[in-house]
Amino acid sequence: MITTEDVIALIREHVQDAGSQKGAAIRLRISRPHLNDILHGRRSPGPKVLRALKLQREQAFRPISNAKY
């Protein structure tokens, strides 16, 4: 399973490959401030960014240990 931190690491690789946040934002088709917000945890990567990274969001559930109903 890929975590949000993993996705942010992928985005950081895009920034490094593009040479700047502006270049990566252009490639990801988002604004540079939007990209900066994602990198600093102020926004979550949305569907547009995930599509550009060839990822999709899935929701998972797991039991809470020792939970009382």
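**Exercise 1.** In this predicted model, find which elements are included in what covers the buried residues of H3.

*Solution.* Begin by listing the residues of helix H3 that are buried, that is, under 20% relative accessible area: they are His34, Leu35, Asn36, Ile38 and Leu39. Then look for what lies within 4.5 Å of them, since that is the cut-off for contact; the cover that results includes H1, H2 and H4.

**Exercise 2.** Describe how the two ends of H3 are marked.

*Solution.* At the start of the helix, look at serine 31, where a side-chain oxygen reaches to within 3.1 Å of the backbone nitrogen of histidine 34. Then move past the helix to glycine 41, which follows H3 and has a positive phi, near 75 degrees.

**Exercise 3.** Determine which residues of the largest nonpolar core touch the most other members, and which elements give two or more residues to this core.

*Solution.* The core has 14 residues, and among these Ile11, Ile30 and Leu35 touch the most other members. The elements that give two or more residues to this core are helix H1 (4–18), helix H2 (21–28), helix H3 (32–39) and helix H4 (47–52), with H1 giving the most, 4 residues. Taking isoleucine 30 by itself, and leaving aside neighbours within four places in sequence, its contacts are Ala25, Leu35, Ile38, Lys48 and Val49.

**Exercise 4.** Characterise the largest pocket by its space and its lining.

*Solution.* The pocket holds about 400 Å³ of space, and 13 residues line it, with Ile2, Thr3, Gln56, Arg57 and Glu58 lying nearest its centre. Sorted by class, the lining has 7 nonpolar, 4 polar and 2 charged residues.

Methods:
Residues are numbered from 1 along each chain as its sequence is written. This is a predicted model: local features need pLDDT of at least 70, side-chain atom pairs count only at pLDDT 80 or more; totals for chains, interfaces and linings use all residues. Side-chain values use heavy atoms; hydrogens and water are left out. A nonpolar core is a set of buried Ala, Val, Leu, Ile, Met, Phe, Trp, Tyr and Cys residues joined through side-chain atoms within 4.5 Å. Buried means under 20% relative accessible area, exposed over 50%, partly exposed in between (1.4 Å probe, protein chains only). On a 1 Å grid over the protein atoms alone, a cavity is a set of points where a 1.4 Å probe fits but cannot get out, and a pocket is an open set with protein on both sides within 12 Å along at least five of seven lines; lining residues have an atom within 4 Å of a point. Grid points are joined across faces, edges and corners, and a volume is the space filled by probe spheres set on the points. Ala, Val, Leu, Ile, Met, Phe, Trp, Tyr, Cys and Pro count as nonpolar, Asp, Glu, Lys and Arg as charged, and the others, Gly among them, as polar. A polar contact is a pair of N or O atoms within 3.5 Å; within protein, one must be able to donate a hydrogen and the other to accept it, and residues adjacent in sequence count only if both atoms are side-chain atoms.
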